[in-house]
Amino acid sequence: MLSIVIIGPAYPLRGGGLASFNERLAREFQYQHDNVTIYTFSLQYPSFLFPGTSQYSNEPAPTDLNIKEGINSINPFNWIKIGHELKKLRPDIIVVRYWLPFMGPCLGTILRVAKKNHHTKIICIADNILPHEKRVGDKQFTSYFIKPVDAFITMSDRVMNDLRLFTNKPAQKLVHPLYDNFGDRIDKAEARKHLNLNVDDRIILFFGFIREYKGLDILLEAMALLKQSAVSNQPSAIPKLLVAGEFYKDRKLYDDIIEQNNLQSLVILRTNFIADSEVKYYLSAADFVIQPYRNATQSGVTPLAYHFEKPMLVTNVGGLPDLVPDEKVGLIAEPNAESIAQKIKQLYALGETHFLPYLKEEKKKYSWAKLVEAIKQSVTS
């Protein structure tokens, strides 16, 4: 039995990719009889870096996890305090998430102090090395963070290539495990009734925080093209776009596209934060999941779609095509409106049942046990 500390977002911070991942990873360690503590943030982002409505969950606290809330991302005295606490605790492994250079000084300092016990090994799961939206200081903050880390795990070639700009320390690439902690897939009609959606509509889903690099504006332009090309007496053939996620950017750009192209009847906006308990309804209600990203490393939406066995459209950027075998579990489009519109038509021409056998087979690769095994091997190699 090993003593494990995971450093990164978790409850009471809201769910979403990072928090859900960390909590699910902790449960896998526990399943393997390891002793796990998650160290999360008392202050994750100052308000000017957080464009959403709230950083905190309104759902019940998990009762099966040991979560310590205490890291302050902007207080250097706190970083030293937490570092000394971890130094004294002497975990066998610290698993630290790295997704934003802003966190480099905080996490880098904590790890430097903790590592002075000459026992703890530090493994980083790197979601990004260089961010989608660049800021001054990114490279310096990342360099500072990387120094005390012993080994890295990435989930795309893009992140691995970025990592190699900074270090030659041991690193391996793994697939992002499935998000299987949001419940099971439910009947499509039941899910749509729960969400007050028309049971008979064609519905495609854009899911997750709405940020510029995710390309919702491109998808809306593709919807305009689908509307223009539709046969006038077959309006039901045009899919409706369900947008489920909170705006992390001024929404005016998106509202303008909808208004200019008269898409109000084709776009369903559910742009509040989607609670964990509601995720299964949105994924189960959709025919297909659309990821129209301008650029990407990897995406947490892809393993979510795998879990709910929903065919995907992804754009040919970053690591997305590596995870979606073309014409098997979904389709790959170029990151422009014309290509995305054409591929949406192709999704419906092929139909959901075409993709289902491939989805069921491909998802077997996405195991949390494999990730835990890789973390432990990184310590011994």
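**Contacts, burial and pairing in a predicted model**

Q: Which residues does Met1 touch, not counting those up to four places away in sequence?
A: Met1 touches His33, Asp34 and Asn35 once residues up to four places away are set aside, a contact being a pair of heavy atoms within 4.5 Å. The model is a predicted one.

Q: Why is Met1 called exposed?
A: The relative accessible area of Met1 is 80%, and the label exposed applies over 50%, so Met1 qualifies. Met1 has its place in the segment before strand E1 (3–7), and its C-alpha atom is separated by 37 Å from that of Ile186, 185 residues apart along the chain.

Q: What makes helix H3 largely enclosed by the rest of the structure?
A: Of the 11 residues of H3 (residues 104–114), 10 are buried, and therefore the helix is largely enclosed by the rest of the structure. The buried residues include Gly104, Pro105, Cys106 and Leu107, as well as Ile110 and Val113.

Q: How do you know whether H3 and H4 are roughly parallel or roughly antiparallel?
A: The axes of H3 and H4 come within 8 Å and cross at roughly 15 degrees. Angles under 35 degrees count as roughly parallel, and therefore H3 is described as roughly parallel to H4. The crossing in which H3 passes H4 is left-handed. Residues that meet across this pair include Leu107, Leu111 and Arg112 in H3, with Phe141, Tyr144 and Phe145 in H4.

Q: Why does Thr142 count as buried?
A: Thr142, which lies in helix H4, has a relative accessibility of 0%, and since the label buried applies under 20%, Thr142 falls in that class. Leaving aside neighbours within four places in sequence, Thr142 is in contact with Tyr98, Pro101, Ile129 and Phe166.

Q: What makes the pair of Lys115 and Asp150 a salt bridge?
A: The closest N and O atoms of Lys115 and Asp150 are 2.8 Å apart, and a salt bridge requires a side-chain nitrogen of Lys or Arg within 4 Å of a carboxyl oxygen of Asp or Glu, so the pair meets the criterion. The two residues belong to distant parts of the chain, 35 residues apart, with Lys115 in the loop between H3 and strand E5 (121–126) and Asp150 in the loop between helix H4 (138–146) and strand E6 (151–154). Lys115 is partly exposed at 26% relative accessibility, and Asp150 is partly exposed at 23%, the class that lies between the limits of 20% and 50%.

Q: How do you know that Glu352 and Lys188 meet in a salt bridge?
A: The N to O value for the side chains of Glu352 and Lys188 is 2.5 Å, which lies within the 4 Å limit, so the pair counts as a salt bridge. This pair also links distant parts of the chain, Glu352 in helix H13 (residues 352–362) and Lys188 in helix H6 (residues 188–194), 164 residues apart. Glu352 is partly exposed, with a relative accessible area of 23%, and for Lys188 the value is 23%, again partly exposed.

Q: Why are Lys360 and Glu309 given their accessibility labels?
A: Lys360 has a relative accessible area of 39%, between the limits of 20% and 50%, so Lys360 is partly exposed. Glu309 stands at 13%, under the 20% limit, and therefore Glu309 counts as buried.

Q: How many disulfides does a search of the whole structure find?
A: The search finds 0 disulfides. Cys106 is in no disulfide, and the nearest cysteine sulfur, that of Cys124, is 13 Å away, whereas a disulfide calls for two cysteine sulfur atoms within 2.5 Å. Cys124 is likewise in no disulfide, with the sulfur of Cys106 as its nearest at 13 Å.

Q: What makes Cys106 and Cys124 buried?
A: Cys106 has a relative accessible area of 0% and Cys124 has one of 0%; these values are under the 20% limit, so each cysteine is called buried.

Notes:
Residues are numbered from 1 along each chain as its sequence is written. This is a predicted model: local features need pLDDT of at least 70, side-chain atom pairs count only at pLDDT 80 or more; totals for chains, interfaces and linings use all residues. Side-chain values use heavy atoms; hydrogens and water are left out. Buried means under 20% relative accessible area, exposed over 50%, partly exposed in between (1.4 Å probe, protein chains only). Helices (H or I, at least four residues) and strands (E, at least two) are DSSP runs, numbered from the N terminus. Axes are lines fitted to C-alpha atoms, for helices over the stretch in contact, and angles run from 0 to 180 degrees between N-to-C directions. Angles under 35 degrees count as roughly parallel, over 145 as roughly antiparallel, 65 to 115 as roughly perpendicular and the rest as oblique. A crossing is left-handed if the near helix is turned anticlockwise from the far one by less than a right angle, and right-handed if clockwise.
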